[in-house]
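Work through the exercises below with the sequence and coordinates open. Each task is followed by a solution in steps.

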Amino acid sequence: MGMQDSINIKRTHIEVWSIYPDKFAEEFVLKACEKTLDLTEFARYRRFKFQQDRHLFACAHLLLRHTLSRYHNTGPSEWQFEYNQHGRPKLIKHELSGKLQFNLSHTKGKAVVAVGNTQLLGVDVESLARSTNPKLAKRFFTHNEKNDLFGLPNGKNRQQRFLELWTLKEAYIKANGFGLALSLREFSIRGSGRHIYIQFERPWKDTTKNWHFCLSKCEQGFVVAVASKFLLHPPSVTFHEFQLTQVANFN
Ligand SMILES: CC(C)(COP(=O)(O)OP(=O)(O)OC[C@H]1O[C@@H](n2cnc3c(N)ncnc32)[C@H](O)[C@@H]1OP(=O)(O)O)[C@@H](O)C(=O)NCCC(=O)NCCS
């Protein structure tokens, strides 16, 4: 991909980049962090008690910075972020602030970054092995979602649908940056495949119009959901793995 001054992604396109922390040696990642992360990120990196959590965080933030640099000739260490009251990061002091949307998600074994020239964008990743149960469904899902879920023929289908619903709902909340200000029970995600849509259970300061939802294929034991708001066209979404060769300049 060529470098240029303006944004380097099509208006109707979203790219989702993944990293699997187990493929990266800890020492290699630490060196990269020292070169790339800002003081706030590095302080967070050092606060993790468990090596596995620290390594996941480091890989996720390196992925974020290197991914953003694919779309503009700004170096991975040069990006600056600011956080809203719910913790959602956005770009500041940059010509792409407010134009290039991104969102990050991580879970044990995988981190993802979605990038797009959209109005709003959220992403969520979960392991398919994550334990789910009807109690959790009752607590977090709406009447309609529970009906869809419990109408499925077997446990395996239900497990997958549970995690699809969960990640889609999280991706929507993350796209808006609401955090916990909007409860998961106040909106429903319905449909499947190319026809996933949102319904609100009570009047809410958003409309269902222009929202698009997409799920990755459930590969390598994970599901990834993307929620985006586009004013003009529905987006196309592609999934990619971040390669070790892309970080050759870490050393
Ligand atoms: C924080 C929240 C945005 C997502 O949390 P999560 O699923 O644990 O975390 P993810 O890995 O998907 O995303 C974390 C990343 O999203 C970004 N983020 C943080 N707050 C955000 C927000 N309010 N909106 C969008 N993105 C946010 C950050 O980049 C963060 O990465 P970092 O912590 O390494 O800086 C929030 O939606 C949340 O806590 N949701 C839980 C809602 C709920 O009711 N869950 C069931 C009960 S446990």
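**Exercise 1: One residue and its surroundings**

His86 has 14 other C-beta atoms within 10 Å and is therefore partly exposed. A residue counts as buried with 20 or more other C-beta atoms within 10 Å of its own, as exposed with 12 or fewer, and as partly exposed in between, with C-beta atoms placed from the backbone. The model is predicted: local features need pLDDT of at least 70, side-chain atom pairs count only at pLDDT 80 or more, and totals for chains, interfaces and linings use all residues. Residues are numbered from 1 along each chain as its sequence is written.

Task: locate His86 in the chain and list its contacts beyond four places in sequence.

Step 1. His86 sits in the loop between strand 2 (80-83) and strand 3 (89-92). Helices (H or I, at least four residues) and strands (E, at least two) are DSSP runs, numbered from the N terminus.

Step 2. Leaving out residues up to four places away in sequence, His86 touches Gly177, Phe178, Gly179 and Ala181. Contact requires C-beta atoms, placed from the backbone, within 7 Å.

Step 3. Phe178 is 92 residues from His86 along the chain, and the two C-alpha atoms are separated by 6.3 Å.

**Exercise 2: The ligand shell**

Task: state which residues are closest to the ligand and which element gives the most to its shell.

Step 1. The ligand is surrounded by 19 residues, the closest being His86, Gly87, Arg88, Ser105 and Lys174. A residue is near a molecule if its C-beta atom, placed from the backbone, lies within 6 Å of it.

Step 2. Helix 3 (51-68), strand 4 (101-107) and helix 6 (155-176) supply at least two shell residues each. Strand 4 gives the most, with four residues.

Step 3. Sorted by class, the shell holds eight nonpolar, seven polar and four charged residues. Here Ala, Val, Leu, Ile, Met, Phe, Trp, Tyr, Cys and Pro are nonpolar, Asp, Glu, Lys and Arg are charged, and the others, Gly among them, are polar.

**Exercise 3: The sheet with strand 4**

Task: give the strand order of the sheet that contains strand 4, and find its edges.

Step 1. The sheet is open, with four strands in the order 4-5-1-11 and mixed pairing. Strands pair if DSSP finds at least two bridges between them.

Step 2. Strand 4 and strand 11 (236-241) are the edges; each has a single partner strand, so one side of each lacks a neighbour in the sheet.

Step 3. Strand 1 (residues 13-19) and strand 11 run parallel and are joined by six bridges. His13 stands opposite Ser236 in strand 11.

Step 4. Helix 3 lies across strand 1, strand 4 and strand 5 (110-116), at about 20° to strand 5. Axes are lines fitted to C-alpha atoms, for helices over the stretch in contact, and angles run from 0 to 180 degrees between N-to-C directions.

**Exercise 4: The whole protein**

Task: count the helices and strands, then compare the radius of gyration with the globule rule.

Step 1. The protein has six helices and eleven strands.

Step 2. Its radius of gyration is 18 Å, close to the 18 Å from the globule rule for 251 residues, so the protein is as compact as a globular protein of that length. The radius is taken over C-alpha atoms, and the rule is 2.2 Å times the number of residues to the power 0.38.

Step 3. Buried residues make up 35% of the 251 residues.

Methods:
Contact = placed C-beta atoms within 7 Å.
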